[in-house]
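New page in the notebook. I wanted a quick look at how some parts of this chain pack and link up.

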Amino acid sequence: MIFFSRWDFIEVGGVIMKDMDRMLAFETALKTWAAWVEANIDPSKSLVFFQGISPSHYNSSLWNDPKAKGCLGQEQPLLGSSYPGGVPQALGVLKRVLSTVRKKVKLLDITVLSLLRKDGHPSVYGFGGSTGLDCSHWCLAGVPDTWNEILFNLIF
């Protein structure tokens, strides 16, 4: 998986670092958010939702099509209810941290249903045009509308 660094330095607990393991950074950020929820949310007045991991589809070997170029030209979702490449490591981190929050947080778990939608990205029609391949953002109307439908049903 390719990661792009969007920072020069990171400060955690008063320690300044040049870099940090991405999963550890994600877990640290989630724990910070969870502490804020614990300290500031009154469950009698507020509902708290956390949207799950929105996956990308750059590595087509994860859905057993190594000749494909990521999401380029994908016109059909994957069939079935499980993703051949497994779920992203970040989903396990997210679920582990959410399990420690004492106040009720509803997980809007969009990860697996989004993994199945390799056809839902802008591809060469997104950022960069024919010089780039956007397999991390989503087309509208499309997958995000499904997320909204799930959220609507959780609220009402």
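Below are my notes on a pair of helices and then on the cysteines.

Entry one, the ground rule. I am working from a predicted model, so I keep that in mind throughout.

Entry two, the helix pair. I looked up helix 1 (residues 22-40) and helix 2 (residues 89-98), and their axes come within 10 Å and cross at roughly 30°. That makes the two helices roughly parallel. I also checked the hand of the crossing of helix 1 and helix 2, and it is right-handed.

Entry three, who touches whom. On the helix 1 side I found Met 23, Phe 26, Glu 27, Leu 30, Lys 31, Trp 33 and Ala 34. They meet Gln 89, Ala 90, Val 93, Leu 94, Arg 96, Val 97 and Leu 98 of helix 2. I sorted the residues of this contact into ten nonpolar, one polar and three charged.

How many does the structure hold? I found one. It joins Cys 71 to Cys 135, with 2.1 Å from S to S. These two sit 64 residues apart, so I noted the places: Cys 71 is in the loop between strand 3 (49-51) and helix 2, and Cys 135 is in the loop between helix 3 (111-115) and helix 4 (143-155). The S-S torsion is about -85°, so I wrote the bond down as left-handed. Cys 71 is buried at 2% relative accessibility, and Cys 135 is buried at 0%.

I have Cys 139 down as partly exposed, at 29% relative accessibility.

Terms used: Residues numbered from 1 in each chain as written. Predicted model: local features only at pLDDT ≥ 70, side-chain atom pairs only at ≥ 80, totals over all residues. Heavy atoms only, no water. Axes fitted to C-alpha atoms, helices over the stretch in contact; angles between N-to-C directions. Helix = DSSP H or I, 4+ residues; strand = E, 2+ residues; numbered from the N terminus. Parallel < 35°, antiparallel > 145°, perpendicular 65-115°, else oblique. Left-handed = near helix turned anticlockwise from the far one by under 90°. Contact = heavy atoms within 4.5 Å. Nonpolar A, V, L, I, M, F, W, Y, C, P; charged D, E, K, R; others polar. Disulfide = S-S within 2.5 Å. Buried < 20%, exposed > 50% of the residue type's maximum accessible area, 1.4 Å probe, protein only.
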